[in-house]
Amino acid sequence: MKVWVPKRYDGPIIDAHTHIGKFRSWAGIESTTDELVEQMNLYNVKKSALFYTDNRLVRKAIQKYPKALVGYVWPNPNEKEKAVRLVRTALREWKFKGIKLHPLIHSFLPNDDIVYPIMEEARKAKVPVAIHSGHPPFSLPWSIGELAENFKDIKIIMLHMGHGHGVYIQAAINTALRNDNIWLETSGMPMHSKIKEAMVRVGEDRVMYGSDSPFHEPAVEIDRICSADLTNRQLELIFYENAHKALGI
Ligand SMILES: [Zn+2]
């Protein structure tokens, strides 16, 4: 009888996608800064990219844990100048190291004009832009691809790499194939086989681990990658080195 023995990974991890704060409505979840850091220690996560709609909470968190937590500013592009001011302040004064956009929550298309001034700030500060993917009509991989085409020198992290829908997952991989400034992040994406496919087709250096904690449990997110039939070297890349290089953390 064939026995399934999952590969294990015991090395250091960078988590490209975490939250603190309260997510009400359908989500009904929350996490404090201390809870996140405690969870990171449990899974040998050395650094986490952290974002929440209340950017002041993230600022306090990275002040408390400057080595473990890396702040990403989360603006609402519909607020136009106010959003750009927030991004500028966070990147220049609060030591945030990236920008997070959620086109679905804030109702805009990734390639909309209102996003461009925010991308200009990313360009000036040389920081990556992480974008939620996987939900119509605003957060689909093709639309993120349109933005990536217009800002080829900016690193775009496609969070969830298409998320739960097979057609969007495939589109995430194909969109990254056409745009070498797109990196794929694995949280909440159910198919272990697509992690392997992305590593092979898009590139071993273009896929990175994220948990989306507290939306997802790291044990599950880590196990899916460990089940993806990757080499030990590929596990080192996806769990740590790719994010280390691409995100500069
Ligand atoms: Zn998230």
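The legends below describe close-up views of a predicted model.

**View 1**
Three residues supply the protein donors of the zinc ion: His17 through NE2, His19 through NE2 and Asp212 through OD. Along the chain, the donors follow the spacing H-x1-H-x192-D. His17 has a relative accessibility of 1% and counts as buried, because the cut-off for burial is under 20%. His19 is buried as well, with a relative accessible area of 3%.

**View 2**
Eight strands form an open sheet in the order E1-E4-E5-E6-E7-E8-E9-E10, and the pairing is parallel. The edges are held by strand E1 (13-18) and strand E10 (207-208). Each of these has a single partner strand, so one side of E1 and one side of E10 are left without a neighbour in the sheet. Helix H2 (residues 55-64) packs on the sheet, where it touches strand E4 (45-50) and strand E5 (69-73). The direction of H2 makes about 160 degrees with that of E5.

**View 3. Strand E7 between E6 and E8.**
Strand E6 (residues 98-101) runs parallel to E7 and is joined to it by three bridges. Leu101 stands opposite Ile131 in E7. On the E8 side, four bridges join E7 to E8, again in parallel. Val129 has Ile156 as its bridge partner in E8. Val129 and Ile131 point one way from E7, while Ala130 and His132 point the other way. These four residues of E7 are all buried.

**View 4. Strands E8 and E9.**
E8 and E9 run parallel and are joined by three bridges. Ile156 has Ile182 as its bridge partner in E9, and Ile157 is paired in this way with Trp183. Ile156 is also the bridge partner of Val129. From E9, Ile182 and Leu184 point one way, and Trp183 and Glu185 point the other. All of these E9 residues are buried, Glu185 included.

**View 5. The buried residues of helix H6.**
Helix H6 spans residues 141-150, and its buried residues are Pro141, Ser143, Ile144, Gly145, Leu147 and Ala148. The elements that cover them include two helices, H5 (116-125) and H7 (166-178). Among the covering elements are also strand E7 (129-132), strand E8 (156-159) and strand E9 (182-185).

**View 6. Val127 in the loop between H5 and E7.**
Val127 is found in the loop between H5 and E7. Its relative accessible area is 11%, and Val127 is therefore buried, the limit being under 20%. Leaving aside residues up to four places away in sequence, Val127 touches Leu91, Lys97, Gly98, Ile99, Ala122 and Ile154. Leu57 lies 70 residues from Val127 along the chain, and the C-alpha atoms of the two are separated by 20 Å.

**View 7. The packing of helices H9 and H10.**
Two packed helices are described by the angle between their axes and the distance between the axes. For helix H9 (residues 218-226) and helix H10 (residues 232-247), the angle is about 145 degrees and the axes are 11 Å apart. The crossing of H9 and H10 is right-handed. Ile222, Ile225 and Cys226 in H9 meet Leu235, Ile238 and Phe239 in H10. By class, this contact has six nonpolar residues, with no polar and no charged ones.

Definitions and conventions
Residues are numbered from 1 along each chain as its sequence is written. This is a predicted model: local features need pLDDT of at least 70, side-chain atom pairs count only at pLDDT 80 or more; totals for chains, interfaces and linings use all residues. Side-chain values use heavy atoms; hydrogens and water are left out. Donors are N, O and S atoms within 2.8 Å of the metal (3.2 Å for Na, K and Ca); water is not among the atoms, so sites may look incomplete. Buried means under 20% relative accessible area, exposed over 50%, partly exposed in between (1.4 Å probe, protein chains only). Axes are lines fitted to C-alpha atoms, for helices over the stretch in contact, and angles run from 0 to 180 degrees between N-to-C directions. A crossing is left-handed if the near helix is turned anticlockwise from the far one by less than a right angle, and right-handed if clockwise. Contact means heavy atoms within 4.5 Å. Ala, Val, Leu, Ile, Met, Phe, Trp, Tyr, Cys and Pro count as nonpolar, Asp, Glu, Lys and Arg as charged, and the others, Gly among them, as polar. Two strands pair if DSSP finds at least two bridges between them.
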